[in-house]
Amino acid sequence: MSKLKDKIDQFRLRQVILTALLFLLFGTALELYLLEHYEGAQQLIPLLCIGTAFLVLFFLFFRRTRILKGLFKLVLVLTAMSGFYGTFLHLQANYEFELEMRPTATNWALLEESMSGALPALAPCSMIVLALIGYSYLLLLKHK
């Protein structure tokens with residue numbers, strides 16, 4: 001009876017994580033679209049990562065091959081890297097703007113202002129969270 005309960009709990013956990021991942025993929029893509037985050041090549045990176053992750057996840061749902069799992073893991077790594085890169089780009093743009101506005105400010109003061117600048121500096125970190133949830137789903141697939 002205990003093994004059956006464990007299998008049911010694992011199935012439910014897989015469902016919850018998959019649902020969270022799908023909501024995060026769709027919600028982040030929708031938010032980026034509504035913010036018109038597609039004007040340049042660099043702005044397309046998170047949308048491409050999300051689209052690719054969604055596509056591979058779709059196929060992975062029906063066929064859990066080693067190749068698809070490896071491809072999904074690669075997409076998740078690239079997605080996380082896009083989050084770090086996006087955070088850097090947002091901070092850099094905010095820093096440059098603050099430097100123009102206050103050229104005599106210290107670097108620390110500029111960095112502090114950059115964190116709450118026009119571009120949400122930590123918003124790209126949601127891509128890292130997305131990758132972590134995706135990886136959690138992959139880990140649960142191993143224990144099926």
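**Helix packing and a few residues**

Mentor: Let's start with a helix pair: the axes of α2 (residues 41–62) and α5 (residues 125–142) come within 12 Å and cross at roughly 15 degrees. Keep in mind that this is a predicted model.

Trainee: Okay, so what does that angle make α2 relative to α5, parallel or antiparallel?

Mentor: Roughly parallel, because 15 degrees falls under the 35 degrees cut-off for that label.

Trainee: And what's the hand of the α2 and α5 crossing?

Mentor: The crossing of those two, α2 and α5, is left-handed.

Trainee: Which residues make the contact?

Mentor: On the α2 side you've got P46, C49, I50, L57, L60 and F61. From α5 come M127, L130, Y137, L138 and L141.

Trainee: Let's switch to α1 and α2. How do their axes sit?

Mentor: The α1 and α2 axes come within 10 Å, crossing at roughly 150 degrees. That is over the 145 degrees cut-off, so α1 and α2 are roughly antiparallel to each other.

Trainee: What's the hand there, for α1 passing α2?

Mentor: Left-handed for α1 and α2.

Trainee: Who meets whom between α1 and α2?

Mentor: From α1 it's L18, L21, L22, L25, T28, A29 and L32. They meet P46, L47, I50, A53, F54, L57 and F61 in α2.

Trainee: And by class, what does the α1 with α2 contact look like?

Mentor: It divides into 13 nonpolar residues, one polar and no charged.

Trainee: I want to zoom in on T28 now. Where is it?

Mentor: T28 is in helix α1, which covers residues 2–34.

Trainee: Buried or exposed, that T28?

Mentor: T28 is buried: its relative accessible area is 9%, and the cut-off for buried is under 20%.

Trainee: What does T28 touch, skipping residues up to four places away in sequence?

Mentor: With those skipped, T28 touches F23, I50, S126, M127 and L130. Of that set, I50 is in the α2 side of the α2 and α5 contact, while M127 and L130 are in the α5 side.

Trainee: What about L18, buried or exposed?

Mentor: Buried as well, with L18 at a relative accessible area of 12%. L18 sits in helix α1.

Trainee: Which residues is L18 in contact with, leaving aside neighbours within four places in sequence?

Mentor: On that basis, L18 is in contact with L57, F61 and Y137.

Trainee: Moving to α3. Which helix holds S82, and is S82 buried or exposed?

Mentor: S82 is found in α3. S82 is buried, with a relative accessible area of 10%.

Trainee: What does S82 touch, not counting residues up to four places away in sequence?

Mentor: Under that rule, S82 touches I45, C49 and M127. C-alpha to C-alpha, S82 and S126 are 10 Å apart in space, and they are 44 residues apart in sequence.

Trainee: And T87, buried or exposed?

Mentor: T87 counts as buried, at 11% relative accessibility. It's also placed in helix α3. Neighbours within four places in sequence aside, T87 is in contact with A121, L122, P124 and C125.

Trainee: Which residues of α4 are buried?

Mentor: In α4 (residues 107–115) the buried residues are A109, L110 and S114. Seen down the α4 axis, they fall within an arc of 140 degrees, so they line one face of the helix.

Trainee: What do the buried residues of α4 pack against?

Mentor: They pack against α3, residues 66–101.

Trainee: Last topic, E36. What's with its phi?

Mentor: E36 has a positive phi of about 55 degrees, although E36 is not a glycine. E36 is found in the loop between α1 and α2. With a relative accessible area of 42%, E36 is partly exposed.

Trainee: And where does F59 lie?

Mentor: F59 lies in helix α2. F59 is partly exposed, with a relative accessible area of 45%.

How values were computed: Residues are numbered from 1 along each chain as its sequence is written. This is a predicted model: local features need pLDDT of at least 70, side-chain atom pairs count only at pLDDT 80 or more; totals for chains, interfaces and linings use all residues. Side-chain values use heavy atoms; hydrogens and water are left out. Helices (H or I, at least four residues) and strands (E, at least two) are DSSP runs, numbered from the N terminus. Buried means under 20% relative accessible area, exposed over 50%, partly exposed in between (1.4 Å probe, protein chains only). Contact means heavy atoms within 4.5 Å. The arc is that of the directions from the helix axis to the C-beta atoms. Axes are lines fitted to C-alpha atoms, for helices over the stretch in contact, and angles run from 0 to 180 degrees between N-to-C directions. Angles under 35 degrees count as roughly parallel, over 145 as roughly antiparallel, 65 to 115 as roughly perpendicular and the rest as oblique. A crossing is left-handed if the near helix is turned anticlockwise from the far one by less than a right angle, and right-handed if clockwise. Ala, Val, Leu, Ile, Met, Phe, Trp, Tyr, Cys and Pro count as nonpolar, Asp, Glu, Lys and Arg as charged, and the others, Gly among them, as polar.
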